[in-house]
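Please keep the sequence and the structure in view while reading.

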Amino acid sequence: MSLLPPRYRSVFDALVTYTQQKDLRSGTSLHAQLIRTGASAVTYLANGLINFYAKCGRLDRAELVFDGVADRDVVSWNCLINGYSRKGPSGSFLVMGLLLRMREGNVLPNAHTFAGVFTAASNVVDVSGGRQAHALAIKTASFGDVFVGSSLLNMYCKAGLVGDARKVFDRMHERNSVSWATMVSGYASLRMAAEAAGLFLLMREEGEDQNEFVFTSVLSALTVPETVDCGKQIHCLAAKMGLLSFASVWNALVTMYAKCGGLEDALQAFEFSTAKNSITWSAMITGYAQSGESHKALKLFSSMHFSGVGPSVFTLVGVINACSDIGAVKEGRQAHCYCVKLGFEEQIYIMTALVDMYAKCGSIDDARKGFDYLQEPDVVLWTSMIGGYAQNGENESALCLYCRMQSEGIAANELTMASVLKACASLAALEQGKQIHAGIIKHGLGLKVPIGSALSSMYAKCGSLEDGNLVFRRMPSRDVLSWNAMISGLSQNGLGSAALELFEEMRMEGVKPDYVTFVNVLSACSHMGLVDRGWAYYKMMSDEFGIEPRVEHYACMVDLLSRAGKLNEAKDFIESATVDHGLCLWRILLGACRNHRDYELGAYAGEKLMELGSLESSAYVLLSSIYTALGKRDDVERVRRLMKAQGVCKEPGCSWIELKSGVHVFVVGDQMHPQIQEIRSELRIISKQMKDEGYQPAPNVLKSIVSSSDDEEMMGEMCSA
């Protein structure tokens with residue numbers, strides 16, 4: 001400033017004022033005056049203009065002024081570099097180019113230069129340019145500046161390179177609260193709670209001042225139940241230091257308690273917060289949603305709305321996720337309308353949550369509309385849509401969308417691959433599954449959860465148990481889902497003994513089973529007829545693991561007893577059930593009575609289904625078959641009339657087979673297959689061979705579907721074709 005001629009000082013002061021106020025109009029007018037008087041060529045004033053336009057967001061004008069400066073100094077470069085560094089990823093690459101041009105012009109960067117460069121480098125994935133700038137900062141002796149060190153820390157932490165960040169942190173000659181908070185945040189972002197808490201303790205031991213930023217950083221690292229006690233201690237310390245006056249600290253406390261499973265503590269922190277903002281409400285709503293308390297999340301959002309606090313994007317994401325978890329499509333649509341009203345619909349986080357919500361609620365067409373509306377190359381959005389298709393049984397659509405995702409060059413993540421593998425498993429498309437496996441290896445995604453679980457499940461469901469077991473054994477760590485997938489695969493492929501052995505191995509390794517595990521175990525017992533062992537596992541579920549039986553477990557036990565011929569015991573078990581099982585248990589018993597020819601009990605089970613208003617054609621067909629076997633023609637006609645009155649129609653059967661990378665689909669009565677004549681001809685030959693070898697179809701099964709002379713003719717064709 002001392003080198004600035006006195007006549008320009010008032011002009012310079014005015015420019016500084018306009019910069020602070022971001023008064024673009026007045027600053028532009030002053031720029032015009034400087035051009036007319038020729039004063040814009042003065043380096044001090046030119047630098048001020050560059051800084052003014054950069055701070056006002058007009059980097060195009062800042063660069064024009066910069067290009068017109070004949071005698072640029074380090075301040076000229078710094079103003080432009082810092083301007084672009086604030087633009088995010090789009091400006092980061094330009095910053096690296098400016099640094100290169102600066103060195104080519106023999107201008108030596110200083111601490112302010114590096115602070116801007118490292119800020120820019122923190123916004124890009126590839127930190128190679130930042131590493132080179134780090135080396136240059138050491139070479140030019142700028143590394144000792146605390147602002148440079150803090151910016152460098154931020155760059156490495158954002159890139160997930162906390163090891164490099166810690167080395168920088170330990171070598172810093174001077175640290176401030178920003179340095180400590182940045183390092184703690186780096187650990188927190190990778191869920192390294194022990195390291196974050198350890199650094200916080202070191203900060204206290206060294207007598208450093210702890211402000212609200214440090215506290216919020218360390219609290220954000222505590223995300224599992226095991227760390228809640230540490231969080232409570234930090235909560236007490238924050239109260240002792242008078243930091244509870246900051247809304248950010250309360251927000252961090254609410255989030256910490258919610259993520260650690262302490263919803264009651266989170267609610268207390270929420271209610272004690274004296275300065276609730278949208279972040280506070282969002283933290284509590286999201287906490288409820290993530291803890292399975294979706295109804296409470298929606299109720300709290302209603303309270304937020306009536307309290308006059310405007311929601312943020314993240315609030316609405318939490319609300320939509322809550323609707324998604326409980327299948328509340330009506331409330332989800334209302335939240336969607338609210339997003340449109342607030343202008344949030346085009347936000348990628350909102351649209352991804354909406355696509356996921358509609359898909360999980362079964363409104364797959366609405367999910368696709370949202371997906372097509374945005375058309376962003378965002379892997380989370382694509383994964384939500386692919387997962388939605390797989391979840392709703394539209395597995396071919398899931399695979400087609402994945403192929404399109406690949407063709408558009410969008411890299412899949414672990415969740416994408418898990419959804420695609422689920423679709424392959426549902427279609428029993430082993431070859432496609434193997435191709436996906438190859439892609440997983442190619443992209444280095446590994447066999448961690450959830451990919452390992454999905455892969456072993458896919459191989460098991462496709463009947464390739466050896467490959468499934470190989471994947472399962474190679475997984476670096478296995479959660480309960482991984483064990484469930486393998487136990488289920490063994491059970492479904494007739495290897496019940498191996499399934500039960502694997503369950504015992506799971507218990508020996510200390511993995512706590514969940515309700516799905518016992519469904520698989522009881523199913524294995526059912527297929528092997530192990531009634532006593534099945535009862536033992538059923539009692540173990542509640543006695544040893546505190547898992548209350550669900551309708552799926554009741555179904556497995558009814559199936560187990562029914563397969564073993566203990567039909568009356570199964571009937572008594574159904575009537576003693578304490579859960580609302582709807583129709584499924586009586587349906588299982590009805591089918592078993594048909595198989596064991598216990599027609600009286602079968603009629604009892606069938607009438608129970610009629611009383612409950614069953615709309616499934618199979619129940620009516622089976623009951624009609626039983627009455628036919630009992631010779632009760634009046635009851636047969638009554639069941640048929642009831643079926644017609646209820647508007648129940650038999651859905652056509654469908655099957656498919658994969659041959660030579662193609663899937664052939666067959667539907668009853670469909671003549672559209674291009675090789676239908678050759679297929680029918682081959683079927684006649686096979687049917688004749690079966691008949692010649694003495695095979696006779698069970699007449700009772702066929703009689704159950706006879707209701708007219710046309711049906712009898714059809715039955716005759718089926719028996720003699």
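Predicted model: local features only at pLDDT ≥ 70, side-chain atom pairs only at ≥ 80, totals over all residues.

The buried residues of α12 are Ala193, Ala196, Leu199, Phe200 and Met203. They cover an arc of only 135° around the axis, so they lie on the same side of α12. In general, an α-helix has 3.6 residues a turn, so residues three or four places apart point the same way. The face of α12 turned away from the buried side carries the exposed residues Ala194 and Glu205. Among the elements covering the buried residues of α12 are α10 (162-171), α11 (177-189), α13 (212-220) and α14 (228-240).

The largest nonpolar core has 159 residues, of which Met183, Leu253, Ile350, Leu455 and Met458 touch the most other members. Not counting residues up to four places away in sequence, Met183 touches Leu153, Cys157, Val162, Ala165, Arg166, Phe169 and Leu199. Another core, of 61 residues, lies apart from it and includes Ala499 and Leu623.

The aromatic pairs number 19. Two of them are listed below.

| Pair | Centre to centre | Angle between planes | Arrangement |
|---|---|---|---|
| Phe371 and Trp382 | 4.8 Å | 90° | edge-to-face |
| Phe518 and Phe545 | 5.8 Å | 55° | tilted |

Phe371 and Trp382 are both buried, as are Phe518 and Phe545. Ring pairs also link Phe503, Phe518, Tyr537 and Phe545 into a cluster.

Technical notes:
Residues numbered from 1 in each chain as written. Heavy atoms only, no water. Buried < 20%, exposed > 50% of the residue type's maximum accessible area, 1.4 Å probe, protein only. Helix = DSSP H or I, 4+ residues; strand = E, 2+ residues; numbered from the N terminus. Arc of directions from axis to C-beta. Contact = heavy atoms within 4.5 Å. Core = buried A, V, L, I, M, F, W, Y, C linked by side-chain atoms within 4.5 Å. Phe/Tyr/Trp six-rings, centres within 6.5 Å; stacked < 30°, edge-to-face > 60°.
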